[in-house]
Amino acid sequence: MSSAAPHDNFTLKEEIRAYWSARAESFDLSYGHAIKSDRELRAFQRLLRDSFGAEPLDVLDLACGTGEITRALLSLKHRVTALDFSETMLERARAKHGKAARFRLGDAENLLDADDSYDALITRHLVWTLTDPEAAFTQWFRVLRPGGRLLVIDGDWVNRSRWQALVNRFGTWLRDRRGAPAHQIDADTHASITKRFYFNEGLSRQRLEDMLTAAGFTDIAPADYGQVVRAQQMTAPLHDAIRLGSSTRFALLARKRA
Ligand SMILES: C[S@@+](CC[C@H](N)C(=O)[O-])C[C@H]1O[C@@H](n2cnc3c(N)ncnc32)[C@H](O)[C@@H]1O
């Protein structure tokens with residue numbers, strides 16, 4: 001069977017879900033995942049205010065994981081719907097936020113919401129693993145109200161420049177020397193699924209911008225996620241602060257024309 005057959009694609013999605021479900025328990029322990037300080041929360045709040053404005057909105061947190069982006073949204077009084085296809089991830093998010101947000105078990109590539117349901121959409125670290133990003137972006141455009149905004153926070157988790165590779169090796173060496181835990185579980189599964197992702201050669205800001213444009217989004221511009229990463233680095237142990245600087249991270253803000 002060809003590797004592009006839809007059946008294979010479905011299998012890959014199931015594998016991705018199982019991978020994240022297995023990581024749910026330790027997910028928040030890694031730096032760059034859970035919001036670990038007031039400084040980081042404030043950086044998130046600035047990013048969200050700059051992206052979506054100051055008024056409370058109907059916001060969809062796509063692939064909410066353990067609910068950390070939801071936490072930042074709720075702190076600004078947004079009305080949050082948080083969606084993830086992993087039951088175990090969603091359970092953790094639900095345990096943190098209870099009835100403060102609406103939780104949905106579902107596939108971010110196949111949304112069941114009516115057209116024009118949300119003022120804003122946000123997603124962190126989902127796009128790089130999508131199996132059908134064109135379908136996903138079309139869906140995201142559809143459920144957004146005219147004039148609404150999409151904020152994508154992601155990065156290139158496949159390629160590193162020589163400098164980034166050096167920084168990563170040093171941070172990892174320091175971590176191991178200190179006996180600090182790695183938290184990254186099942187490296188074999190990670191490598192196996194990453195090879196079959198749509199963006200298996202890495203996600204770039206330009207590629208994302210082109211695809212969002214093709215889906216109908218306009219006014220696409222970078223957003224300052226760097227302020228969140230810098231806040232994370234200030235509270236992280238040195239080895240994690242170093243490793244946080246070893247990948248290309250970016251955020252893009254896009255609009256559905258009013
Ligand atoms: C790296 S985690 C990011 C979690 C959260 N957005 C954050 O930044 O803390 C990726 C999440 O995407 C979810 N996910 C991956 N593909 C998905 C899909 N097609 N639909 C819904 N959730 C998905 C996984 O279950 C996992 O919770």
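Tutor: Buried means under 20% relative accessible area, exposed over 50%, and partly exposed in between, with a 1.4 Å probe and protein chains only. This is a predicted model: local features need pLDDT of at least 70, side-chain atom pairs count only at pLDDT 80 or more, and totals for chains, interfaces and linings use all residues. Residues are numbered from 1 along each chain as its sequence is written, and side-chain values use heavy atoms, leaving out hydrogens and water.

Student: How many residues apart are Arg196 in helix H7 and Glu15 in helix H1?

Tutor: Helices are DSSP runs of H or I with at least four residues, strands are runs of E with at least two, and numbering starts at the N terminus. Arg196 and Glu15 form a salt bridge (a side-chain nitrogen of Lys or Arg within 4 Å of a carboxyl oxygen of Asp or Glu), here with N and O 2.8 Å apart. The pair links distant parts of the chain, H7 and H1, at a separation of 181 residues.

Student: Is Arg196 buried, partly exposed or exposed?

Tutor: Glu15, its salt-bridge partner, has 26% relative accessibility and counts as partly exposed. Arg196 stands at 39%, so its class is partly exposed.

Student: Within what arc do the buried residues of H7 fall?

Tutor: H7 spans residues 187-196, and its buried residues are His190, Ile193 and Thr194. They line one face of the helix because, seen down the axis of H7, they fall within an arc (taken from the directions from the helix axis to the C-beta atoms) of 105°.

Student: About how many helical turns separate Glu14 and Arg17 in helix H1?

Tutor: The two form a salt bridge, with their closest N and O atoms 2.8 Å apart. An α-helix has 3.6 residues a turn, so residues three or four places apart point the same way. Because Glu14 and Arg17 are 3 residues apart in H1 (residues 6-27), their separation is about one helical turn.

Student: Which strands are the edge strands of the sheet?

Tutor: Strands pair if DSSP finds at least two bridges between them. The open sheet has 7 strands in the order S3-S2-S1-S4-S5-S7-S6, with mixed pairing. Those that pair on one side only are S3 (102-105) and S6 (218-222).

Student: What is the bridge partner of Leu62 in S2?

Tutor: S1 runs parallel to S2 (residues 79-84), and 5 bridges join them. S1 is largely enclosed by the rest of the structure, because 4 of its 5 residues are buried. In S2, Leu62 is partnered by Leu83.

Student: What is the bridge partner of Leu60 in S4?

Tutor: S1 (residues 58-62) pairs with S4 (residues 118-124) in the parallel sense, over 3 bridges. Across this pairing, the partner of Leu60 in S4 is Leu121.

Student: At about what angle does helix H2 run to S5?

Tutor: Axes are lines fitted to C-alpha atoms, for helices over the stretch in contact, and angles between N-to-C directions run from 0 to 180 degrees. Contact means heavy atoms within 4.5 Å. H2 (residues 38-52) lies across S1, S4, S5 (144-156) and S7 (248-255), and its angle to S5 is about 140°.

Student: Which residues does Ser30 touch, not counting residues up to four places away in sequence?

Tutor: Ser30 lies in the loop between H1 and H2. Its relative accessibility is 11%, so Ser30 counts as buried. Leaving out residues up to four places away in sequence, Ser30 touches Arg23, Lys36 and His183.
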